[in-house]
Amino acid sequence: MLSELVYPGWQATVDGAPAPILPADLIFRSIALSPGRHEVSFVFRPIVVPAGAAITLITISVGDCSHRHPGRVRKAVRVRPAWRLALIAWLLAAFALRVHWLDTRELNGDEAFGYFFALRPCPGIVQATLSLREPHPVASYFVQKAWSGIAGDSEFALRFASVW
Amino acid sequence: MAGRAVAEPDRERALERLAAPDFDVARQIVLPAVPPGFGDVDACGGEIAWRSRSPEQLDLMATT
């Protein structure tokens with residue numbers, strides 16, 4: 001058992017062969033090992049990273065192509081409506097990918113700590129930051145406190161501010 | 001290194017199991033399902049040697 005949180009995107013191998021990661025004690029990563037000596041690796045390969053990189057590269061390349069006018073003085077660029085719609089659709093797809101599954105997992109680790117920290121009154125946040133030598137700047141807790149006052153304290157709401 | 005795995009698919013009952021006074025967190029773990037061949041093993045012990053640790057990759061040698 002590894003005292004690290006189970007999280008989507010982590011993959012494990014035992015002696016080079018893929019091995020399933022089992023959630024031990026509800027939250028920790030574990031793998032089953034037979035007797036003997038084994039080389040174990042955990043690698044973080046979330047699907048959203050290459051997907052997001054692909055969307056970013058395509059968006060940049062499409063935007064770049066639509067702005068190229070070699071040999072001409074730059075003037076107002078007319079982007080075809082179809083391109084404009086495609087770009088908007090692409091950006092919306094990227095945004096949907098970002099917020100997809102935002103609330104499928106309960107808060108854990110620093111997320112839960114930040115939430116409970118932000119529950120304090122504002123002077124209490126400053127006081128606790130100083131007394132606990134909290135490394136994160138207090139403004140983040142103020143933002144979280146204000147946002148949860150507006151949007152609520154569901155997992156989706158609490159994570160949504162960080163999406164931006 | 002846990003030597004014994006206990007299957008408990010129900011989350012609430014798994015929490016109860018973890019909080020039970022006779023549950024030894026140093027030797028046992030609770031899993032939603034125990035892989036075949038590992039449920040009845042009680043062989044706690046072994047060594048872990050870290051080979052590398054980074055935020056995105058952990059490599060270790062485990063001897064059971």
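## Exercises on a two-chain predicted model

In chain A, residues 24 or more positions apart account for 53% of the contacts with a separation of 6 or more; two residues are in contact if their C-beta atoms, placed from the backbone, lie within 7 Å. This is a predicted model, in which local features need pLDDT of at least 70 and side-chain atom pairs count only at pLDDT 80 or more, while totals for chains, interfaces and linings use all residues. Residues are numbered from 1 along each chain as its sequence is written, and chains are lettered from A and ligands numbered from 1 in the order in which they are written.

**Exercise 1.** Describe the secondary structure and burial of each chain.

*Solution.* 
- Step 1: Helices (H or I, at least four residues) and strands (E, at least two) are DSSP runs, numbered from the N terminus.
- Step 2: Chain A has six helices and six strands, in the order β-β-β-β-β-β-α-α-α-α-α-α.
- Step 3: Chain B has one helix and four strands, in the order β-α-β-β-β.
- Step 4: A residue is buried if 20 or more other C-beta atoms lie within 10 Å of its own, exposed if 12 or fewer, and partly exposed in between.
- Step 5: Buried residues are 7% of the 164 in chain A and 11% of the 64 in chain B.

**Exercise 2.** Work out what chain B brings to its contact with chain A.

*Solution.* 
- Step 1: Each side is counted: 19 residues come from chain B and 19 residues from chain A.
- Step 2: On the chain B side, α1 (11–19), β2 and β4 (57–63) each give two or more residues.
- Step 3: β4(B) has the largest share, seven residues.
- Step 4: This side holds 13 nonpolar, three polar and three charged residues. Ala, Val, Leu, Ile, Met, Phe, Trp, Tyr, Cys and Pro count as nonpolar, Asp, Glu, Lys and Arg as charged, and the others, Gly among them, as polar.
- Step 5: Strands pair if DSSP finds at least two bridges between them; β6 (residues 37–44) of chain A and β4(B) pair in the antiparallel sense over seven bridges. Val40(A) has Leu60(B) as its bridge partner in β4(B).
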